Amino acid sequence: MRLSKYFLPVLKENPKEAQILSHRLMLRAGMIQQSSAGIYSWLPLGLKVLSKIEKIVREEQDKAGALEIKMPTIQPAEIWKESGRYNDYGLEMLRIKDRHDRAMLYGPTNEEQVTDICRAHVKSYRALPLNLYHIQWKFRDEVRPRFGVMRGREFLMKDAYSFDFDEKTARAAYNKMFVSYLKTFARMGLTAIPMEADTGPIGGDMSHEFIILADTGESGVYFHKDWLKTDLVTDIDYSADLEPIINKFTKIYARTDEKHDPINCPIEKKDLIEGRGVEVGHIFYFGTKYSKSMGASVSGPDGKPIDLHMGSYGIGVSRLVGGIIEASHDNKGIIWPEEVSPFDVAIINLKSGNQMVDDLSEKLYQLGLSNKHDCLFDDSNYSAGEKLATMDLIGIPWQLVIGPKGLKRNIIELKNRKSGRVTEITPEQAMKFVSSQGSLSLPQPDEFKGQ
Ligand code: 5CA
């Protein structure tokens with residue numbers, strides 16, 4: 001993408017309305033624009049990040065055996081009356097009347113809607129296990145929407161729903177989602193710690209929240225220091241018995257502040273880390289709560305009806321955009337983990353109009369594109385200082401800086417946003433860099449021989 005053709009409305013000043021860093025940076029980087037309290041438009045850069053997160057979430061749900069569907073945002077009130085939650089949900093639910101005066105609502109979650117699908121089509125225990133998910137906008141009329149996309153009124157959620165015919169298989173479904181969450185967040189470059197949680201309006205008796213660590217997070221968290229060195233989970237195979245693996249994880253102490261008891265805490269003070277975090281996922285097992293009230297049963301092996309055992313599993317897809325920024329930034333701006341970055345590499349022409357610089361920058365841009373790297377090419381007429389500051393603000397992980405002074409010495413600068421390290425490379429090495437297959441990485445030291 002050429003910056004001259006892009007829509008990147010960056011702000012120089014800190015917007016006054018933003019109280020927290022991720023909100024400030026998202027506005028300054030031209031990622032979102034507020035439409036009304038807690039409701040945002042996603043601009044090109046923001047939407048790109050949102051879509052990358054969505055893609056990782058989708059791939060990991062698919063790998064765990066969940067099936068993607070798309071349920072509507074607007075639901076009929078009847079199914080919520082059946083479950084008994086129509087009145088319970090209170091003012092957070094946005095209630096709407098259609099032209100025929102029928103009661104509708106903008107879904108804050110989809111347990112009822114998915115149970116309605118299942119009861120219509122799943123009649124035998126043989127059709128189970130089943131796990132259906134969608135990635136869809138939700139609306140919760142929060143009393144105090146704040147912190148930008150972190151606590152919005154309209155927000156994007158991935159919500160999955162598992163159906164099983166007994167507690168044992170339902171627990172296996174829960175375990176699968178548990179592991180898939182660890183894998184999902186790890187792929188985004190995040191450490192997400194599962195913590196025992198309350199079930200709130202969703203209900204049920206088993207629940208974990210997944211919290212990513214960020215100094216500015218909303219929740220207080222207490223956890224054993226071993227959490228920071230737990231092996232990551234990318235290799236866990238879903239065909240294995242997941243129960244012992246989950247036990248291994250849940251045995252390591254981790255609690256949110258409501259669940260942490262400082263007096264009876266089983267962890268020695270020297271091992272306990274006190275921090276803050278952002279809840280990016282929440283999973284629930286609630287047994288037959290919805291299937292009983294809504295009449296969702298299947299015939300069991302003996303032909304007798306069995307109420308379905310259900311769990312639901314949420315990931316805050318739009319919240320993750322803010323959460324990742326809270327966890328990964330510096331005083332210059334955002335530092336995107338490569339997996340969710342809007343662009344892989346920035347190609348910064350420091351002096352548009354200088355033939356040599358123009359030619360080489362264009363060549364690097366074309367090479368990068370043809371090798372399937374998502375390149376942002378700054379071909380604008382802004383000053384060198386502004387160009388560099390913008391790329392740091394919007395957090396592009398790799399930046400190739402091409403200027404007339406360097407080129408006279410046959411040098412281009414390659415900057416890594418995360419480490420801040422600047423490496424001087426030759427134009428040939430830069431071409432090799434943007435031509436590499438797969439993810440970008442610093443040229444090996446032996447490629448620097450002869451410099
Ligand atoms: N039905 C269940 C699981 S599918 C459910 O709704 N769970 S939840 O209420 O915990 O929401 C799931 C995730 O959505 C949360 O972990 C959080 O990351 C995100 N989320 C919840 N409320 C908001 C909000 N107001 N703004 C942004 N994200 C939110």
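Biologist: Which residue in E21 does alanine 346 stand opposite?

Modeller: This is a predicted model. In it, strand E19 (residues 345-349) and strand E21 (residues 398-402) run parallel and are joined by 5 bridges. Across this pairing, the residue in E21 that stands opposite alanine 346 is glutamine 399.

Biologist: In what order do the 5 strands of the open sheet lie?

Modeller: The pairing in this open sheet is mixed. Its edge strands are E20 (375-378) and E23 (422-425), each of which pairs on one side only. From one strand to the next the twist averages 20°. The order of the 5 strands is E20-E19-E21-E22-E23.

Biologist: What angle does the direction of helix H11 make with that of E19?

Modeller: Helix H11 (residues 384-393) packs on the sheet, where it touches E19, E20, E21 and strand E22 (412-416). The direction of H11 makes an angle with that of E19 of about 170°.

Biologist: Which elements do the buried residues of H2 pack against?

Modeller: The buried residues of H2 are Leu45, Gly46, Val49, Leu50, Ile53, Glu54, Ile56, Val57, Glu60 and Gln61. An α-helix has 3.6 residues a turn, so residues three or four places apart point the same way. The elements against which the buried residues of H2 pack are strand E2 (39-42), strand E7 (130-139), strand E8 (154-164), helix H6 (167-187), strand E16 (309-316) and helix H9 (317-327).

Biologist: Which residue takes a positive phi in the hairpin of E1 and E2?

Modeller: Strand E1 (residues 32-36) and E2 run antiparallel and are joined by 4 bridges. Within this pair, serine 36 stands opposite isoleucine 39 in E2. The hairpin has 2 residues between the strands, and the residue with a positive phi, near 70°, is glycine 38.

Biologist: Is aspartate 101 buried or exposed?

Modeller: Aspartate 101 is placed in the loop between strand E5 (94-97) and strand E6 (103-106). Although aspartate 101 is not a glycine, its phi is positive, at about 70°. Its relative accessibility is 56%, and the cut-off for this class is over 50%. Aspartate 101 therefore counts as exposed.

Biologist: Is phenylalanine 147 buried or exposed?

Modeller: Phenylalanine 147 lies in the loop between E7 and E8. This residue, too, is not a glycine and has a positive phi, of about 60°. With a relative accessible area of 16%, phenylalanine 147 is buried.

Biologist: What is the omega of the cis peptide bond that joins leucine 128 and proline 129?

Modeller: Proline 129 lies in the loop between helix H5 (111-121) and E7. The peptide bond joining leucine 128 and proline 129 is cis, with an omega of about 5°.

Biologist: What distance separates the C-alpha atoms of methionine 177 and isoleucine 283?

Modeller: Methionine 177 lies in helix H6 and is buried, with a relative accessible area of 1%. Leaving out residues up to four places away in sequence, methionine 177 touches Gln61, Ala64, Ala66, Asn131, Lys158, Ala160 and Tyr313. Methionine 177 and isoleucine 283 are 106 residues apart along the chain, and their C-alpha atoms are separated by 7.9 Å.

Biologist: Which residues does aspartate 271 contact, leaving aside its neighbours within four places in sequence?

Modeller: Aspartate 271 is placed in the loop between strand E12 (254-256) and strand E13 (272-287). Because its relative accessibility is 12%, aspartate 271 counts as buried. With those neighbours left aside, the residues in contact with aspartate 271 are Phe223, His224 and Lys225.

Biologist: Which element supplies the largest share of the lining of the largest pocket?

Modeller: The largest pocket holds about 970 Å³ of space. Of the 44 residues that line this pocket, Arg140, Arg151, Glu279, His282 and Arg319 lie nearest its centre. E8, E13, E16 and H9 each supply at least two residues of the lining. The largest share, 7 residues, comes from E13.

Definitions and conventions:
Residues are numbered from 1 along each chain as its sequence is written. This is a predicted model: local features need pLDDT of at least 70, side-chain atom pairs count only at pLDDT 80 or more; totals for chains, interfaces and linings use all residues. Side-chain values use heavy atoms; hydrogens and water are left out. Two strands pair if DSSP finds at least two bridges between them. Axes are lines fitted to C-alpha atoms, for helices over the stretch in contact, and angles run from 0 to 180 degrees between N-to-C directions. Contact means heavy atoms within 4.5 Å. Buried means under 20% relative accessible area, exposed over 50%, partly exposed in between (1.4 Å probe, protein chains only). On a 1 Å grid over the protein atoms alone, a cavity is a set of points where a 1.4 Å probe fits but cannot get out, and a pocket is an open set with protein on both sides within 12 Å along at least five of seven lines; lining residues have an atom within 4 Å of a point. Grid points are joined across faces, edges and corners, and a volume is the space filled by probe spheres set on the points.
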